[in-house]
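Below is a short report on one protein model. It is meant for a reader who has not seen this structure before.

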Amino acid sequence: MASRGVVLPLLRRELHTTRTRLNRAAPSLSTVANSVRNSRAASTRCSVRHTALFAQKRVLGQTRAFSQSLSRTFADENSHFDPRQIERESDEVDVCIVGGGPAGLAAAIRLKQLANEAGNEEFRVILLEKAGELGAHILSGNVLQPTAMNELLPDWLAEDNPSRFEGATPAREDKMRFLTQNASFPIPAPPQMNNHGNYIVSLNELTKWLGERAEELGVEIYPGFAASEVVYDTDGSVLGVATNDLGIGRDGKPKDNFERGMEFHARVTLLAEGCHGSLTKQVIKKYDLRRDSQPQTYGIGLKEVWEIQPEKFKSGEIVHSMGYPLPSNTYGGAWMYHFGENLVSVGLVVGLDYPNPWLSPYGEFQKLKHHPLFKEVLTGGKCISYGARALNEGGFQSIPKCAFPGGALIGDTAGFLNVPKIKGTHTAMKSGMLAAEATFSALQNNNDGTVFLYDYEDALRKSSIWKELYEVRNMRPSFSTRLGLYGGVIYSGLEAFLFRGKMPWTLKHHGTDAAATKPASECEKIEYPKPDGEISFDILTSVSRTGTNHEEDQPVHLQVADWDKHTDVAWPKYKGVENRFCPAGVYEYVEDPSKEHGVRFQINAQNCIHCKTCDIKVPTQDINWQTPQGGEGPKYFKT
């Protein structure tokens, strides 16, 4: 094992002095899109992943290409290359945080605040982020309730703070509308949606700012390090995580630039991966953390940022809507926020428990923008950014056990989004702060053995997070009962204004979102209008605005064991649902007369924007989203 003194200088040098830029164009949906791909401006990413072992060899002048003899040396019994035969370099830290979003950064900041206040500046907190830079994978509405931010960094907006965050637009007028195809009707907004004292922000920009504050305190942040594996100790507790290997070709064989991943061993590991994290899935399954909770349910949020004409801009205006364009059996709603300098955030959330496999959330979003409420604002403007992300909608009923031997779940990976309030940043950050305080306390009292964060579980139940999620626990599931859309609206209104969570019952969720999907033959086919290129756009144009890119010659990170078997099960029953639920054109069925069903299943992994919808919604539940190489994926702007 490499010592701390050896590994950290090497890591820092790799991150700060040996960065290289790789120009890669965003890939396309099939051959039709090749010309689109070639015409795009190439996006860039940092190659920041090098293990200390290989870095050390470079220092000594011993670096050489990964040889075929080495490939044979580390082959399994079938002569297939097995990287697990190569020992990984490792580093030991106090706390390892996986995920550089609001929850992970809040936890990191709070840990270093506590350590520095205690005079323990050597207390090591590292944060691993799969994106090439902090904020690049962050997407949200976002109207920020500042309670957690005010507690963590009280001077974050102070005029006398030279490092203050300058991207916050005070919320002003609130509007709630029910939409029909061509009209909108004012309806009362529930008190949870009162935005007095809140701020409209780009969470992408706020995350970058939080990262700067964390580094000032001494947090070691490593973007481009994709944690792909949980490392367990001999007693079954979590010992830490490992980053994925680099330089493996699409065929699974090592390339000349092969580098083994690195292990980070920590006394406590905090998973802050966001919604439906890949390591979180493993930990929940291993420790049966959902044994006392209901299944998580999800939505997908699609967002664009527009620069609009100055005369149409109303700084701080917040508009929410429900109804059109979604069918009455589909939960969801839209937003439009005016922020910054003539910028508008516009988006649509679609509950992933929708039954009709012909429905396309992306298609519904493009239809939405042609409604007069939105079109009047967007006409004459310019779309400058696009993105999509899955989000938790299960609420109180779906919160799992959050502590496990050696670590904890924090933020949206645990599911603290308040759906009726349409906010989760404040709860995510607060959970990270609670976990940090429990972690620091536990580590002061336990020098040896496995740490279990009992205090974190207790603190959650006593916190504002628990209280506000309990009060609204019945609102989202009421829409999935026999009450339907309109009954759900009425019941939710009673909960919001009258009951306030005090009723003795707790409504249950229907089951998983994948299981809610009906066969295509039982549902009405939906034909979406052709985009006009001004208000609505084809999916490839939108993907080009995400800045996404992946190395093409690597194993597909959207893992399907057998593509032909998947087609045999999914195509006859669901007729290409994957192509419609994906907001980035990753999946398609290509005509192929040589195949039994006349189509061939194809995965365009290079287009992936890491929304995780496929892993959640596919009815066959045979798509496993895994992290690709570190530094890849979208590079969001102003999202």
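Predicted model: local features only at pLDDT ≥ 70, side-chain atom pairs only at ≥ 80, totals over all residues.

Residues are numbered from 1 along each chain as its sequence is written, and side-chain values use heavy atoms, leaving out hydrogens and water.

A nonpolar core is a set of buried Ala, Val, Leu, Ile, Met, Phe, Trp, Tyr and Cys residues joined through side-chain atoms within 4.5 Å. Buried means under 20% relative accessible area, exposed over 50%, and partly exposed in between (1.4 Å probe, protein chains only). The largest core has 81 residues, and Ile 97, Leu 206, Leu 270 and Tyr 456 have the most contacts inside it. Helix H11 (residues 425-445) gives the most to this core, ten residues; helices are DSSP runs of H or I with at least four residues, and strands are runs of E with at least two, numbered from the N terminus. Another core, apart from this one, has 61 residues, including Cys 383 and Ile 539.

Phe 581 is found in helix H17 (residues 577-581) and counts as buried because its relative accessibility is 1%. Its C-alpha atom is separated by 7.6 Å from that of Tyr 362, 219 residues apart along the chain.

Most residues other than glycine have a negative phi, and most peptide bonds are trans. The table lists exceptions.

| Site | Feature | Angle |
|---|---|---|
| Gly 141 to Asn 142 | cis peptide bond | omega near -5° |
| Tyr 324 to Pro 325 | cis peptide bond | omega near 10° |
| Arg 500 | positive phi | phi near 55° |
| His 610 | positive phi | phi near 65° |

Arg 500 is partly exposed at 40% relative accessibility, whereas His 610 is buried at 3%.
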